[in-house]
Amino acid sequence: MRVLIVDDQELVRRGFVALLASEPGIEVVGEAGDGAQAVTETWQTRPDVVLMDIRMPHMDGLDATRAICGDERLNATKVLMLTTFALDEYVYEALRVGASGFLLKDTPPRLLIEAIAAAADGDVLISPAMTRRLVADLVRRPGIRPGDSGPLDVLSEREREVLAEVARGKTNSEIGESLYMSPLTAKTHVSRILGKLDARDRAQLVVIGYETGLVRPGE
């Protein structure tokens with residue numbers, strides 16, 4: 001997997017480079033210190049995944065993500081957002097414009113590696129801690145009325161179980177462990193659920209899971 005690292009702090013970038021360079025199967029193809037450089041480097045290096053900081057000078061990570069994900073010629077590149085903020089309004093907009101995940105910078109290295117692999121494979125991953133906070137905020141917003149399970153009528157009982165695990169922020173591997181299936185089978189279920197619910201990505205499945213009352217904050 002080819003990875004581009006974007007952060008305005010050189011020390012942070014070098015830390016990620018050192019971490020990822022030692023990981024088999026990952027190649028760091030470039031670095032950028034702001035969003036504008038990120039867009040340019042993405043065009044030049046065509047990475048599989050961009051690790052994108054949010055708050056940067058000149059062009060922030062949100063605008064850079066919008067530019068990258070909005071360009072059909074770069075549709076093979078996925079953007080994984082990284083931030084020091086546990087809950088940030090940027091989270092919602094970043095997911096809307098096409099980010100393939102959202103993690104805190106203090107995420108354990110193994111979860112970061114898994115998130116990169118998930119993004120490269122077309123999945124969306126939000127750290128479990130951020131999922132809980134994101135959803136807790138979402139369900140408090142006007143217009144969110146948990147309990148309308150009608151949209152889930154198209155799902156089988158097994159698919160509902162998988163959706164509940166997705167809404168709790170679990171990866172395909174973790175879903176497999178919880179529901180006694182292989183990660184590949186879990187991924188297949190998630191793909192079918194996305195199609196049946198006409199959802200763009202796993203982030204939308206998280207919202208659906210809580211909006212319908214399938215899972216509830218604090219579970």
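## A polar contact around N75

A polar contact is a pair of N or O atoms within 3.5 Å; within protein, one atom must be able to donate a hydrogen and the other to accept it. With that in hand, here is a first example from this predicted model: a polar atom of the N75 side chain lies 3.2 Å from the backbone oxygen of E72.

N75 sits in the loop between α3 and β4, the latter covering residues 78-83. Is N75 buried or exposed? Its relative accessible area is 54%, and the cut-off for exposed is over 50%, so N75 counts as exposed. R46 is 29 residues away from N75 in sequence, and the two C-alpha atoms are 10.0 Å apart in space.

## The protein as a whole

Stepping back, the secondary structure comes to ten helices and six strands. The protein has 219 residues, and buried residues make up 50% of them.

Contacts along the sequence are also worth a look. Taking those between residues at least 6 apart in sequence, 65% join residues that are at least 24 apart.

## Helix α3 and its buried face

Helix α3 spans residues 61-69, and its buried residues are G61, L62, A64, T65 and I68. Viewed down the helix axis, these buried residues fall within an arc of 160°, so they line one face of α3.

The start of this helix has a contact of its own: a side-chain oxygen of D60 comes to within 3.1 Å of the backbone nitrogen of L62.

## D53 in strand β3

Next comes D53, which belongs to strand β3, residues 49-53. Its relative accessibility is 7%, and because buried means under 20%, D53 counts as buried.

Leaving aside residues up to four places away in sequence, D53 touches V6, D7, D8, G61, M81, L82 and K105. One of these, G61, is also among the buried residues of α3.

## Where α8 meets α9

Our last stop is a pair of helices, α8 (residues 172-179) and α9 (residues 183-197). Their axes come within 8 Å and cross at roughly 105°. Angles of 65 to 115 degrees count as roughly perpendicular, so that is how α8 and α9 are placed relative to each other.

On the α8 side, the residues that meet α9 are N172, S173, I175 and G176. On the α9 side, they are P183, A186, K187 and V190. The residues of this contact divide into four nonpolar, three polar and one charged.

Methods. Residues numbered from 1 in each chain as written. Predicted model: local features only at pLDDT ≥ 70, side-chain atom pairs only at ≥ 80, totals over all residues. Heavy atoms only, no water. Helix = DSSP H or I, 4+ residues; strand = E, 2+ residues; numbered from the N terminus. Buried < 20%, exposed > 50% of the residue type's maximum accessible area, 1.4 Å probe, protein only. Contact = heavy atoms within 4.5 Å. Axes fitted to C-alpha atoms, helices over the stretch in contact; angles between N-to-C directions. Parallel < 35°, antiparallel > 145°, perpendicular 65-115°, else oblique. Nonpolar A, V, L, I, M, F, W, Y, C, P; charged D, E, K, R; others polar. Arc of directions from axis to C-beta.
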